[in-house]
Amino acid sequence: MVRFEDVYLRYGRGPDILQRLDFRLEPGSFHFLVGPSGAGKSSLLKLLYLGQRPSQGRISLFGRDVSKLDRDERALLRRRIGVIFQDFRLIAHLSVFENVALPLRISGEPEGRLRAKVEELLAWVGLADCINALPATLSGGQQQRIAIARAVISRPSLIVADEPTGNVDDRIAMRLMHLFVELHRSGTTVVIATHNESLVERIGKPALHLSGGSLYQPGGTPLPEEALDEEGPHSREVNP
Amino acid sequence: MISLRRRPRDLPLSRDASARFLPWLIAFMVYLAAIALASALAAQKIADRWDQDLSGRITIQVPHAALSDAGNPAESADIDALVDYLLEVPAVSGVDVLDRQRSAELVEPWLGDLAGQAELPIPQLITLELREDLSLPEGFEARIEALAPGAQVDDHQRWIGGLLDFAQSIQTVALLVVLLVGAAAVITVIFVTRTGLAIHRQMIELLHLIGARDRYVAAQFQGHAFRLGLGGGLIGLLAAVATLLGLERLVDRQPTALLPDLSLGYMDWALLLFLPLFTALVALLTARFTVLRTLARLT
Ligand SMILES: Nc1ncnc2c1ncn2[C@@H]1O[C@H](COP(=O)(O)OP(=O)(O)OP(=O)(O)O)[C@@H](O)[C@H]1O
Ligand SMILES: [Mg+2]
């Protein structure tokens, strides 16, 4: 599903933000990505959803070396990845319906099929009433859920979420987490960056620890690749 | 390729400043192009008409002073002899001696009532129809000079040639104007599109991250450009049509001898009506090409 081989990242001529990343995520696995603010969580996710190229090393997604893709192939690959951005990135002048329908429109879904799908997704995140609202009229937590609905509407096989519980209280955070667990159960690979460690404990899924730009086991030594494969059995339920 | 869906565009392009000024700029350009095109078409028409009317004809002009009886040229002996000679020339298929009345009518637009007055020294005009298959005999002009001293033989070639050159240069200039205006429009659309790409960079990045291909982004810009082009084009065309109809009216009120019929034919109007659509298509293609090229340069 995801494979990083000796990946480094730096912005411009700055220092290495990420170093020696070497890991693999099995299809259907569920991982948290934890670490202090500024550790590079968002940066790692950016590499994961093809929002950034590594300055060194190789990243493979769905079995393909992403550096070898042309622009159109990258676009098609990105359609299999649902992203929930740290700042949501909803389009301000579009209604909730238009925002959530966007990935379907982009992938050429017939206009007639959009309404039902969007309604289903909004009901799933508990915001069926907000379909015609503009994002700015919604609370942070509601926008968060709209962003989740948009990320999953085209049934991606990989979901990447950056602090999806950053703006909500613990109760809502747990509810959101259960949405991700539900997606994971249906076979989707999930990666969630968060600094809410108590949440991680309560969900009981493995975590990648990022510190100083490298991945560590909670114990302290750099994480060997194999340690991340514990969710392997789920690989049989991956979405088509 | 052109989507006219009512749903809001992902990129709020219609709120950019360009959406406000571009249609007027395009309207102005289409106006210029339409007027230039109409001039070219009219010039072509005039040239064709004159060419048709005047080739195959010769006019002989006998000065008033040379006429033996200035008031009554028909009785003048050397005019009769001249006409007799002309009728014998094989290449001449017809001879038309303009009487005083018709000559006066011809100059009336310039001279008004004065033209009818007998003492006016109006030259005697003789028009010859020529056969296309035969040429005039050697010494034709010398013979005429002998029969009517001071007579001028005018085969209109110089005049027609000059007119055709003039019509052609009008057309060249008009074509140049159309090309320049077109180039200016293309450059404007390129500039506006690049600005739009810069303004909406973040949102375009988002569309890409959601899986949009470059052509999806291009479609937004090209649809926008098409609409602005069409809107501006229609405004420009409307103004141009108003101007041309006004001009046509003006020409119709003038004495016909001075200005030939300038009115455009159906095909000419059709060509002009096609301008806004053509402009919109050029805008569309320019925007599309600009977006695709700019995005392809990104890594
Ligand atoms: N676009 C960028 N250009 C330059 N430097 C950047 C850029 N994005 C992030 N950085 C730097 O990379 C480092 C890691 O940032 P990143 O956003 O990945 O951290 P994070 O773990 O997500 O932090 P947080 O928990 O606060 O979201 C920071 O030092 C930041 O300044
Ligand atoms: Mg972050």
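This is a predicted model: local features need pLDDT of at least 70, side-chain atom pairs count only at pLDDT 80 or more; totals for chains, interfaces and linings use all residues.
Q86(A) is partly exposed, with a relative accessible area of 40%; here buried means under 20% relative accessible area, exposed over 50%, and partly exposed in between (1.4 Å probe, protein chains only). S42(A) sits in helix 1 (residues 41-48) of chain A, and Q86(A) in the loop between strand 6 (81-84) and helix 3 (96-106), so the pair ties together parts that are 44 residues apart in sequence.

Residues are numbered from 1 along each chain as its sequence is written, chains are lettered from A and ligands numbered from 1 in the order in which they are written, and side-chain values use heavy atoms, with hydrogens and water left out.

**Around helix 1 of chain A**

The helix that carries S42(A) is mostly covered, with six of its eight residues buried. The buried residues in helix 1 of chain A are K41(A), S43(A), L44(A), L45(A), L47(A) and L48(A). Just after this helix, L50(A) takes a positive phi of about 60°.

D6(A) has a positive phi of about 50° although it is not a glycine, and its place is in strand 1 (residues 2-10). E163(A) likewise is a residue other than glycine with a positive phi, near 50°; E163(A) is found in the loop between strand 7 (158-162) and helix 6 (170-185). As for cover, D6(A) is partly exposed at 38% relative accessible area, whereas E163(A) counts as buried at 6%.

**The two chains**

Chain A has seven helices and ten strands; helices (H or I, at least four residues) and strands (E, at least two) are DSSP runs, numbered from the N terminus. The radius of gyration of chain A is 17 Å, close to the 18 Å that the globule rule gives for 240 residues, so chain A is as compact as a globular protein of that length. That radius is taken over C-alpha atoms, and the globule rule is 2.2 Å times the number of residues to the power 0.38. Along the principal axes, the C-alpha atoms of chain A fill a box of roughly 50 × 40 × 40 Å.

Chain B comes to eight helices and four strands, and along its sequence the pattern is α-β-α-β-α-β-α-β-α-α-α-α.

The table sets out some totals for each chain. Contact means heavy atoms within 4.5 Å, and accessible areas come from the Shrake-Rupley method with a 1.4 Å probe, where for residues only the protein chains shown count as cover.

| Property | Chain A | Chain B |
|---|---|---|
| Buried residues | 55% of 240 residues | 40% of 299 residues |
| Accessible surface | about 10,200 Å² | about 16,800 Å² |
| Share of that surface from carbon and sulfur atoms | 47% | 62% |

**Two places in chain B**

Where is H200(B) placed? H200(B) lies in the loop between helix 5 (157-199) and helix 6 (201-210) of chain B. This histidine is buried, with a relative accessible area of 7%. Leaving aside neighbours within four places in sequence, H200(B) is in contact with L11(B), P12(B), L13(B) and D16(B).

I170(B) belongs to helix 5 of chain B and is partly exposed, at 28% relative accessible area. Not counting residues up to four places away in sequence, I170(B) touches S39(B) and A43(B). The C-alpha atoms of I170(B) and A36(B) are separated by 8.9 Å, and these two residues are 134 residues apart along the chain.
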